[in-house]
Amino acid sequence: MSDPEQQPASRFIDQYKNYGRNDASLQEERRQRLLEKQKRSREDELDAGRPGLLEELEAEQHEEHSMDCQQQQSVPSKSSRRKHRARIITSKLFANKVQLSEWMHERPEDLENWLVRPCPVGQRCLLVFRQRIGIAFSKRGRSIASVRTKHNLRDAIVLDCVLAKDRTFYILDALVLAQVDLVSCECQFRFAWIESKFHENNLPELFNSTTSNGKEGFRLSLLPSYDLACPESMAQCWSHYPAFVGDTPRLDGYLFYHKESQYVYGNTPLVVWLFAFMLNDVLKLPPGLVNEQHLAHKPTRYTGGNYAEYIAEFDRMQANRKQKRRNKKPKEQQMDTTNETSLDNHPSDAALWEAMEAAPLDSDDEDLHPRKEEDAMRELEME
């Protein structure tokens with residue numbers, strides 16, 4: 001009699017569509033299907049005349065203006081206006097609009113068709129400018145910071161950013177800029193457009209050096225992008241250490257963008273992610289191209305280039321952490337400061353959890369940011 005544990009879950013398992021295929025091959029197929037779908041959808045949207053994000057933004061702004069006109073009948077006191085400025089805003093329009101990456105499971109066959117940006121540790125957000133106010137919304141659409149600009153902006157701007165601890169919004173991508181809806185545009189055009197308008201419109205000088213209450217002001221910075229079709233560009237990206245001057249902010253990892261990809265709300269295989277210590281193992285780069293110090297900072301579990309096992313373990317630990325936080329009562333969740341080392345009994349692997357803070361991968365903000373990180377971010381909000 002055969003051992004039931006040795007029997008397959010189904011007699012027809014070898015007939016399953018994806019049986020015997022790994023994540024890398026499936027990811028490559030999904031990329032190709034998505035590129036074809038985006039080409040067709042771009043034509044369909046033009047034919048149908050559907051409203052884009054820019055039209056939605058203008059419509060929402062018109063509604064808010066009408067509401068403001070109604071509220072002007074009663075003049076609030078200074079204290080009430082101060083409380084009004086400090087409120088947390090939830091926006092349905094900007095909820096679930098952030099583009100999220102996947103792991104890079106294998107070197108893409110068309111590596112020359114990709115761009116890469118270094119990504120600092122921080123919190124992903126959409127930075128939305130309207131007139132003289134800029135509000136940063138989390139992936140769930142909750143406001144995490146606000147800032148006043150030096151002058152009134154004629155056009156709305158929506159930027160995909162990382163807000164770091166040095167009070168700088170680092171620009172990864174853009175959805176609306178200079179009266180152009182970029183969501184359906186290819187990544188290579190978006191990046192070129194952002195760089196052009198960033199300097200042409202003098203966006204670095206948009207913020208005041210100090211806030212109204214005397215605190216250090218926010219800054220706006222454009223992250224560099226590197227073309228992987230050019231060996232010199234690849235060397236420039238990975239040969240120097242640290243990635244940012246003075247190691248401020250700290251490097252979290254690298255985001256890879258397919259040149260033909262549109263901006264996708266949510267997960268997409270056309271934007272993929274690697275930590276710096278995984279570059280050589282996944283991309284099979286020539287020796288010496290990546291600075292050795294990038295490769296030296298590895299978690300203890302990452303040995304012998306076993307990146308597939310590491311990715312699986314990383315995702316498992318992330319899922320366990322989410323589940324444990326969901327199972328806690330609300331009162332316990334407010335009081336708990338998230339004891340990270342108790343999750344896996346490996347205190348030496350603190351770097352693994354630390355790297356999850358910025359979480360450009362698919363995640364919920366509250367699940368991957370320890371409570372102390374949330375408290376630090378709250379000090380920035382609504383100034």
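1. Basis. The model is predicted: local features need pLDDT of at least 70, side-chain atom pairs count only at pLDDT 80 or more, and totals for chains, interfaces and linings use all residues. Residues are numbered from 1 along each chain as its sequence is written, and side-chain values use heavy atoms, with hydrogens and water left out.

2. Strand S4. This strand covers residues 143-163. Helices (H or I, at least four residues) and strands (E, at least two) are DSSP runs, numbered from the N terminus. Of the 21 residues of S4, 15 are buried, so S4 is largely enclosed by the rest of the structure. Buried means under 20% relative accessible area, exposed means over 50%, and partly exposed lies in between (1.4 Å probe, protein chains only).

3. Pairing of S4 with S3. Strand S3 (residues 123-137) runs antiparallel to S4, and the two pair over 13 bridges. Two strands count as paired if DSSP finds at least two bridges between them. Ile135 has Ser146 of S4 as its bridge partner. The hairpin of S3 and S4 has 5 residues between the strands, and Gly141 there takes a positive phi near 90°.

4. Pairing of S4 with S5. These strands are also antiparallel, with 6 bridges. Cys161 is bridged to Ile171 in S5. The hairpin of S4 and S5 has 4 residues between the strands; in this hairpin Arg167 has a positive phi near 65°.

5. Ser143. This residue lies in S4 and is buried, at a relative accessible area of 0%. A polar atom of the Ser143 side chain lies 2.7 Å from the backbone nitrogen of Ile89. A polar contact is a pair of N or O atoms within 3.5 Å; within protein, one must be able to donate a hydrogen and the other to accept it, and residues adjacent in sequence count only if both atoms are side-chain atoms.

6. The loop between H5 and S9. Helix H5 covers 231-238 and strand S9 covers 251-258, with Pro242 in the loop between them. The peptide bond from Tyr241 to Pro242 is cis, with omega near -5°. Pro249 is in the loop between H5 and S9 as well, and the bond joining Thr248 and Pro249 is cis, with omega about 0°. Asp247 belongs to this loop. Although not a glycine, Asp247 has a positive phi of about 55°, and it is partly exposed at 33% relative accessibility. Most residues other than glycine have a negative phi, and most peptide bonds are trans.

7. Ala178. This residue sits in the loop between strand S5 (168-177) and strand S6 (180-181). Ala178 has a positive phi of about 55° although it is not a glycine. With a relative accessible area of 25%, Ala178 is partly exposed.

8. Helix H8. H8 (residues 307-327) has 21 residues and reaches 30 Å from its first C-alpha to its last, close to the 30 Å expected at 1.5 Å a residue. The expected span is 1.5 Å times one less than the number of residues. Its buried residues are Tyr307, Tyr310, Ile311, Phe314, Met317, Gln318, Arg321, Lys322 and Arg325. They cover an arc of only 135° around the axis, which puts them on the same side of H8; the arc is that of the directions from the helix axis to the C-beta atoms. The face of H8 turned away from the buried side carries the exposed residues Ala308, Glu309 and Asn327.
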